[in-house]
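Dear colleague,

Here is the structure I said I would pass on. My notes on what turned up in it follow below.

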Amino acid sequence: MYFCSVGKIVSVQKAVEILKNGGLVAIPTETVYGLAANALNEDAVQNIFKSKGRPSNNPLILHFYQWEDAVSFVGKVPDDFYKLYAYFSPGPLTYLLPKSSLVSEKISAKNTTVAIRFPQHPIAQELLKNIDFPLAAPSANPSGYISPTQSFHVIQQLGDKIDGVVEGGECTKGIESTIVGWDEWGNVLVYRSGTITAKEISEVLQKDVKVVTGEHKKIVAPGMLSKHYSPKKPTYITANVNQKIHHFSEKKIGIIWQIKPDVTMFDNCINLSFSENGDLKTIAKNLYSTMYQMDNLDVDIILIEKCLEGDLGLAIADRLSRAGINLDI
Ligand code: TXA
Ligand code: MG
C-alpha cells in the first residue's frame, strides 16, 4: 500500500519548480494536505478543479507566507482582521475578505470576497517563501471524499492526476482551518469550524462571534455542503452504538469509537477509535485518518460514535455530521 507512493514524493525545491511551470503539487499544512497550484496561472487553477472533480462554484483559498504578500490581493480589511492575524497567524485560520482585482473569478467563484490563509507547517512556509505568487490550495482529496492528513492518502486518491506530493508527515491539527468573515455591519461570522474555536476568536476580539456553519442555503462556503468529507462505505453516526448496531446485524460492521473501549462486546466487528482518552485535539487529529483506515478495511458499513458539541467538539461534530447519516433523528 505504501510502496507505490515513493515515485510521487518530491522535494520542496522540485515542488517550487513544478509550481512555477504550472503544475499541481500536494503540500502538507498543519490542517490537511492541500492541492496547490500557482493562483495566478488560470490553467493551473483550472486543473485543480479538474483533478478533484470540484464544482466550479466552490471557491479556493489563497495561501501566503505573510500579510505583506497578501495585501495586494484584498480590498479594505476590518480592524478585527489585524488583531486576529497578530494572534492566530500563521495558523489554521482562514479570512474571508473583500477581494482585489488581482483575484481571478475562478479563484473566488465570482464572489466579491477572497479567502486567504497563512499556514503554519514549516514545509508549507518554506515553499511559500521560495515563490512570488500565492498558492491556491483546496484539500487534496477528490471532491466529497475524506480530506487527507497523510501523504499516502493523497497518493492513493489523486496520485495519477498530480505532479508530485511533498512529504510532511501527519498533519497535526487534522481538520480544515476555521473560516472567519464579516458581514456588511462588521459582525464576525464563523463559516467553518476548525481547531481555532469561535470562543477563542471572540476572546481575542472582545466581541460576539456568530457561528453560521450549515445555516445558509446559498453557497457562502461550500465546505458546508451537507454531504462532504464522507467515506465510500455507507456511514452512520449515533450517540448510542450499543443500541443502533442491531439495525445492521447482517453486515460486516466497522465501529469507530470516540474513546478506545477497555472491553467491547462487539468483538465480531472491527473496532477502531479516534482517541485513547477522549482528548478533543487528538480526536480532531485522528478523525479523517481513522475514517480513511476503516474505509479501506473489510467492512460493509461504518458506524461512528458521535461526540459532544462544545468548542472544538463542534468542529468535530460538524465533520461527522457530513460524513454519514445521523441515526439519532
Ligand atoms: O485547512 C484548510 O483550509 C485547507 C488547507 C489545504 O489550507 N484547505 C481547505 O480548502 O480546506 P477547501 O477548498 O477544501 O475548503 C475551502 C472552503 C470551501 O468550503 C470554500 O467554499 C470556502 O473555503 N471558500 C473559499 N473561498 C471562499 C469565498 N470567496 N467565499 C466563500 N467561501 C469560500
Ligand atoms: Mg475540502
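The model is predicted. In it, ten strands make up an open sheet with mixed pairing, ordered β7-β1-β2-β6-β3-β5-β4-β8-β9-β10. β7 (164-165) and β10 (209-211) are the edge strands, each of them pairing on one side only.

Strand β5 (residues 113-117) pairs with strand β3 (residues 61-63) in the parallel sense, over three bridges. In that pairing, Ile-61 stands opposite Ala-115, and Leu-62 stands opposite Ile-116. β5 also pairs with strand β4 (residues 93-98), where five bridges join the two in an antiparallel arrangement. There, Pro-98 faces Thr-113 of β5. Four of the five residues of β5 are buried, so this strand is largely enclosed by the rest of the structure.

**Nonpolar cores**

The largest nonpolar core has 46 residues, and those touching the most other members are Leu-62, Trp-67, Leu-84, Tyr-95, Ile-107, Ile-116 and Ile-201. Apart from this core lies another of 27 residues, which includes Ile-175, Leu-272, Tyr-288 and Tyr-292. As background, nonpolar side chains in soluble globular proteins tend to be buried together.

Leu-62 is worth a look on screen. Leaving out residues up to four places away in sequence, Leu-62 touches Val-114, Ala-115, Ile-116 and Arg-117, among others.

**Two helices**

Helix α1 (residues 12-20) packs against helix α6 (residues 122-129) at an angle of about 50 degrees, and their axes are 10 Å apart. α1 is therefore oblique to α6. The crossing of α1 past α6 is right-handed. On the α1 side the contact is made by Val-12, Ala-15, Val-16 and Leu-19, which meet Ile-123, Glu-126 and Leu-127 in α6.

**Thr-197**

Thr-197 sits in the loop between β9 (188-192) and α8 (198-205). Is Thr-197 buried or exposed? Its relative accessibility is 10%, and buried means under 20%, so Thr-197 counts as buried. Apart from neighbours within four places in sequence, Thr-197 is in contact with Asp-311 and Leu-312. Thr-197 and Ile-107 are 90 residues apart along the chain, and their C-alpha atoms are separated by 26 Å.

Regards

Conventions:
Residues numbered from 1 in each chain as written. Chains lettered and ligands numbered in written order. Predicted model: local features only at pLDDT ≥ 70, side-chain atom pairs only at ≥ 80, totals over all residues. Heavy atoms only, no water. Pairing = 2+ DSSP bridges. Core = buried A, V, L, I, M, F, W, Y, C linked by side-chain atoms within 4.5 Å. Buried < 20%, exposed > 50% of the residue type's maximum accessible area, 1.4 Å probe, protein only. Contact = heavy atoms within 4.5 Å. Axes fitted to C-alpha atoms, helices over the stretch in contact; angles between N-to-C directions. Parallel < 35°, antiparallel > 145°, perpendicular 65-115°, else oblique. Left-handed = near helix turned anticlockwise from the far one by under 90°.
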